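Subject: Handing over the structure

Dear colleague,

Please find below the structure that I promised to pass on to you. My notes on what was found in it follow directly after.

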Amino acid sequence: MQLVVGQISRPHGVRGEVAVHVRTDEADTRFAAGSVLQTDPATGPLTVTAARWHHGRLLVSFAEIPDRAAAEQVR
């Protein structure tokens with residue numbers, strides 16, 4: 001069974017972080033470092049390297065998204 005835990009909204013900064021619209025009550029658990037998330041459409045699984053809250057938004061870094069250009073691609 002797959003659950004929707006968030007939606008990538010836009011890049012943040014130049015290091016590949018993305019803002020995520022959270023769709024779960026357990027964001028800190030679901031977006032913990034090392035978590036592997038499936039995507040729809042299937043751009044491949046994304047591995048969380050870091051997540052932090054910034055002005056009420058969750059910013060997430062994924063191993064597969066090294067920079068802003070890559071973040072624009074998965075938007």
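A nonpolar core is a set of buried Ala, Val, Leu, Ile, Met, Phe, Trp, Tyr and Cys residues joined through side-chain atoms within 4.5 Å, where buried means under 20% relative accessible area, exposed over 50%, and partly exposed in between (1.4 Å probe, protein chains only). Please keep in mind that this is a predicted model, in which local features need pLDDT of at least 70 and side-chain atom pairs count only at pLDDT 80 or more, while totals for chains, interfaces and linings use all residues. Residues are numbered from 1 along each chain as its sequence is written, and side-chain values use heavy atoms, with hydrogens and water left out.

The core

The largest nonpolar core has 14 residues, and those with the most contacts inside it are Val 18, Phe 31, Leu 37, Val 48, Val 60 and Phe 62. Two or more residues of this core come from each of E2, E4 and strand E5 (57-62), and E5 gives the largest share, three residues; here helices (H or I, at least four residues) and strands (E, at least two) are DSSP runs, numbered from the N terminus. In soluble globular proteins, nonpolar side chains tend to be buried together.

Phe 62, which lies in strand E5, is buried, with a relative accessible area of 5%. Leaving aside residues up to four places away in sequence, Phe 62 is in contact (heavy atoms within 4.5 Å) with Ile 8, Val 18, Leu 37, Leu 46, Thr 47, Val 48 and Thr 49. Thr 49 is 13 residues from Phe 62 in sequence, yet their C-alpha atoms are 5.3 Å apart in space.

The salt bridges

How many salt bridges does a search of the whole structure find? The search finds two, a salt bridge being a side-chain nitrogen of Lys or Arg within 4 Å of a carboxyl oxygen of Asp or Glu.

One of them joins the side chains of Glu 17 and Arg 52 at 3.0 Å, N to O. Glu 17 lies in strand E2 and Arg 52 in strand E4 (residues 46-54), so this pair ties together parts that are 35 residues apart in sequence. Glu 17 counts as buried at 13% relative accessibility, whereas Arg 52 is partly exposed at 38%. Beyond four places in sequence, the residues that Glu 17 touches include Arg 10, His 12, Leu 59 and Val 60.

The side chains of Glu 26 and Arg 30 also meet in a salt bridge, at 3.7 Å, N to O. Glu 26 is partly exposed, with a relative accessible area of 41%, and Arg 30 is partly exposed at 32%. Thr 24, in the loop between E2 and helix H1 (27-30), touches Val 5, Arg 30 and Phe 31, if residues up to four places away in sequence are not counted.

The largest pocket

A pocket is, on a 1 Å grid over the protein atoms alone, an open set of points where a 1.4 Å probe fits, with protein on both sides within 12 Å along at least five of seven lines, and its lining residues have an atom within 4 Å of a point. The largest pocket is lined by 25 residues, of which Val 5, Gly 6, Gln 38, Thr 39 and Asp 40 lie nearest its centre. At least two lining residues are supplied by each of strand E1 (6-12), H1, strand E3 (36-37) and helix H2 (68-74), and the largest share, three residues, comes from E1.

With best wishes
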